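The following paragraphs lead through a protein structure, from its charged pairs to the interface between its chains and on to selected helices and residues. Please keep the sequence and the model at hand while reading.

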Amino acid sequence: MFDILLRIQRTGSLSKTRPHAMKSATPDTLQAKLHKTYGRALCIRHVDAGSCNGCELEIQALGNPYYNLEGTGIHFVASPRHADLLLVTGPVSVNMEEALRRTYDAMPTPKWVIAVGDCAACGGIFGSSYASRGAVDNIIPVDVVVNGCPPSPTALLQAIVEVTASAPRSERA
Amino acid sequence: MSMDTLEHVAFRLPSNVTVSRVALDAEGWRRAADSMQQAGAGLLTLWGSDDRDRDGHFRIHAAYLARQRLWVIDHAMPTGTTVYPSLATLFPVADRLQRAVRDLLGMHADGGDGRPWLRHGGWPESVFPLRRDVDPAQAHAIESSAYPFVRVSGDGVHEIPVGPVHAGTIEPGHFRFSLVGEKVLRLEPRLGYTHKGVAKRFESMRLHDGHRLAARVCGDSTVAFGWAYCSALESMTATVVPPRAVTLRALALELERVANHLGDLGALGNDAGLAFGLTQFSALKERLLRRHAEAFGQRYLFDLVIPGGVSVDPQALALDALAAELASIERDVRELRTLYTDHAGLQDRLQGTGCVGQAQARALGALGLVARACGLEHDLRADMPWPPYDQLTPIVAACADGDVAARVKVRFAEALESLRLCRQWLGDMPTGEVCIELSETGPGQLGIGLIEGWRGPVMVALESGINGGIRRCHVHDPSWQNWLLLEWAVLNNIVADFPLINKSFNLSYSGHDG
Ligand code: SF4
């Protein structure tokens, strides 16, 4: 136990070295923004609609001590019923189409959707075929697209800040 | 068809390892399978091809992994027929592979499970999308129907359905647990959710571009798949990759292994209630990824391996910084290993959990790190070393216990061994070109790439088409085999330990679904 405490002390706070994009949106400003819109923290749900797992790795990286997403009051939640924001990765495989729709429908409104990665943006290298419906926007309304294969955690953070500044498409509809 | 007879009639296929190919009739196919099993070779993969345009036949191909060689057995079904002898009684993994072949090509094994596997209702039962006369752009309306899971009956037996969308940031799949109380009696997965038609997509690509798709079959193993694809193509065109590129590829493969092990070791600590582990290991992984970006311009090394070499020639300064980071990560990993090993509460959760015995692992065809954690010391890098592993061969990590703790131990050992290899290569990096031009190849050539990725053997079978196109490309991820092990490992465990057991395997969905 003592060794663990020592190691924690030596590691210190790594999120101080947060990348540039995050500095412009410090936890305080981000939280103030969210507070204005939601009056509480932002809850995110992720759905892999057919990705290669590369994009998942970068979403997971948001939780590491360098990006420390949870420290800004942004949480990943286990159920779409608790989520404000949906991150969708991958081209939408036909086998995931129904699950994606149902996840989206289960979220309370207003809700935002971010298409994460080139595949979610346009179908990427997989395109559209008997097995793939291509872009996420072909299936559910998308608010913001983050390009990249996979997009960096910094690009993901920027998109999260950006999307929360706009009225969701689900409301406009 | 004894092994000796097979030797006699076999001819060599272009590959980075030793591959022998034999074409047999149905009886020979069946007997070859028997001989393989008796000789201790495992079925690595199975794929079909529609050659009706060429000679009127459908063909089925099996790849068997022997200790120092890969065997490829071909069987052309008589004209007008689509049936071949099932391998499912000899090799358990054959069952799902055969179901996948049927869903995509309409070729039928004469036994085994009749349920669809990759087809979930996204295309009609009468359409076989991988046949040559089926338009790749043709889409269909979904007609889903209930999947008949195997029911376990008895007093107090109940089911828990999970997925395809899971609680965390992970890939989709469905798990059907049958339980009594908390105890798992059966786990039946349903996979295929991320099937996105990779094999069909290959057929509309050029040979010299296909590596980009191969690199995206399974994103956490992008170097392994990219290298396997390029090996198949390069051996087919008799291309000799420059030494600097060879070393950089191996460096990348080991870095990929280290990055994945770091990620999983952290997640395993977390799933066992030690959040400290996740914080520490995810920070180490991030440090490594940042150095990747500095040296190679890519955090996950996507598209680093290209036909003829590598796409980036890293600066000496970036490689020095990488070497220094790796030395520091190595110190941290050693320290954390001691903390994990000495932590009684953690070990209590890991030891004896999700156990698979060695005999069972062998019978189910276990591969890669999961097999090594059951005491089966197979590692392509040592068993059939291709350059540069023929010059610098890793010490194979193994542990016979077969539980979650064993898989943690093997991950620690492999991460540290990879760091040692990286240190050697970084200290003695060849100079010169990093990429050379490939010569053209005619149609109808088959090349095999076989690489030990971080999960285990990754295979690409690539056949050239006309005008520099791809006629057929089959990729195989070791998760096909290891899903069977996972289903076995959870039996008699409590369902609450499933996340921990699952994470200790960390199998690929995308690599499996294709
Ligand atoms: S964008 Fe790239 S990393 Fe993300 S799912 Fe697609 S291929 Fe994988």
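How many salt bridges does the count come to over all chains? The count comes to 53 salt bridges over all chains, where a salt bridge is a side-chain nitrogen of Lys or Arg within 4 Å of a carboxyl oxygen of Asp or Glu. This is a predicted model, in which local features need pLDDT of at least 70 and side-chain atom pairs count only at pLDDT 80 or more, while totals for chains, interfaces and linings use all residues. Residues are numbered from 1 along each chain as its sequence is written, chains are lettered from A and ligands numbered from 1 in the order in which they are written, and side-chain values use heavy atoms, with hydrogens and water left out.

Several of these pairs lie within chain B. R52(B) and D50(B) form a salt bridge through their side chains, with 2.9 Å from N to O. Burial is judged by relative accessible area: buried means under 20%, exposed over 50%, and partly exposed in between (1.4 Å probe, protein chains only). R52(B) counts as partly exposed because its relative accessibility is 31%, whereas D50(B), at 2%, is buried. A salt bridge also joins D220(B) to R455(B), again with 2.9 Å from N to O. This pair links distant parts of the chain, 235 residues apart: D220(B) lies in the loop between α6 and α7 (222-236) of chain B, and R455(B) in the loop between β13 (446-452) and β14 (457-464) of chain B. Helices (H or I, at least four residues) and strands (E, at least two) are DSSP runs, numbered from the N terminus. D220(B) has a relative accessible area of 3% and is therefore buried; R455(B), at 5%, is buried as well.

D332(B) leads from the interior of chain B to its partner chain. Its side chain meets that of R287(B) in a salt bridge of 3.1 Å, N to O. Here D332(B) belongs to helix α10 of chain B and R287(B) to helix α9 of chain B, 45 residues apart, and both residues are buried. D332(B) also forms a salt bridge with R7(A), at 3.1 Å from N to O. Between chain B and chain A the count is four salt bridges. There are also 24 residue pairs in polar contact between the two chains, both residues at pLDDT 80 or more. A polar contact is a pair of N or O atoms within 3.5 Å; within protein, one must be able to donate a hydrogen and the other to accept it, and residues adjacent in sequence count only if both atoms are side-chain atoms. On the side of chain B that touches chain A, the elements giving two or more residues are α5 (198-202), α6 (210-214), α9 (275-296) and α10 (316-342) of chain B. The largest share of that side, nine residues, comes from α9(B). In total, 58 residues from chain B and 49 residues from chain A take part in the contact, contact meaning heavy atoms within 4.5 Å. The area buried between the chains is about 4300 Å², of which carbon and sulfur atoms give 59%; buried area is the accessible area (1.4 Å probe) that two parts lose on being put together, summed over both.

Within chain B, helix α4 (residues 94-105) is largely enclosed by the rest of the structure, because eleven of its twelve residues are buried. Among the buried residues are R96(B), R99(B), R102(B) and D103(B). G106(B), whose phi is positive, near 65°, follows this helix.

D103(B) is also one of the contacts of R119(B), together with P124(B), E125(B) and R190(B), when neighbours within four places in sequence are left aside. R119(B) is placed in the loop between β7 (108-109) and β8 (157-162) of chain B. R119(B) is buried yet has no salt bridge, the nearest side chain of opposite charge being that of E125(B), 4.1 Å away. Lys and Arg count as positive and Asp and Glu as negative; His and the chain ends are not counted. The side chain of R119(B) does reach the backbone oxygen of W123(B), at 3.4 Å.

In chain A, V116(A) is found in strand β4 (residues 112-116). V116(A) counts as buried because its relative accessibility is 1%.
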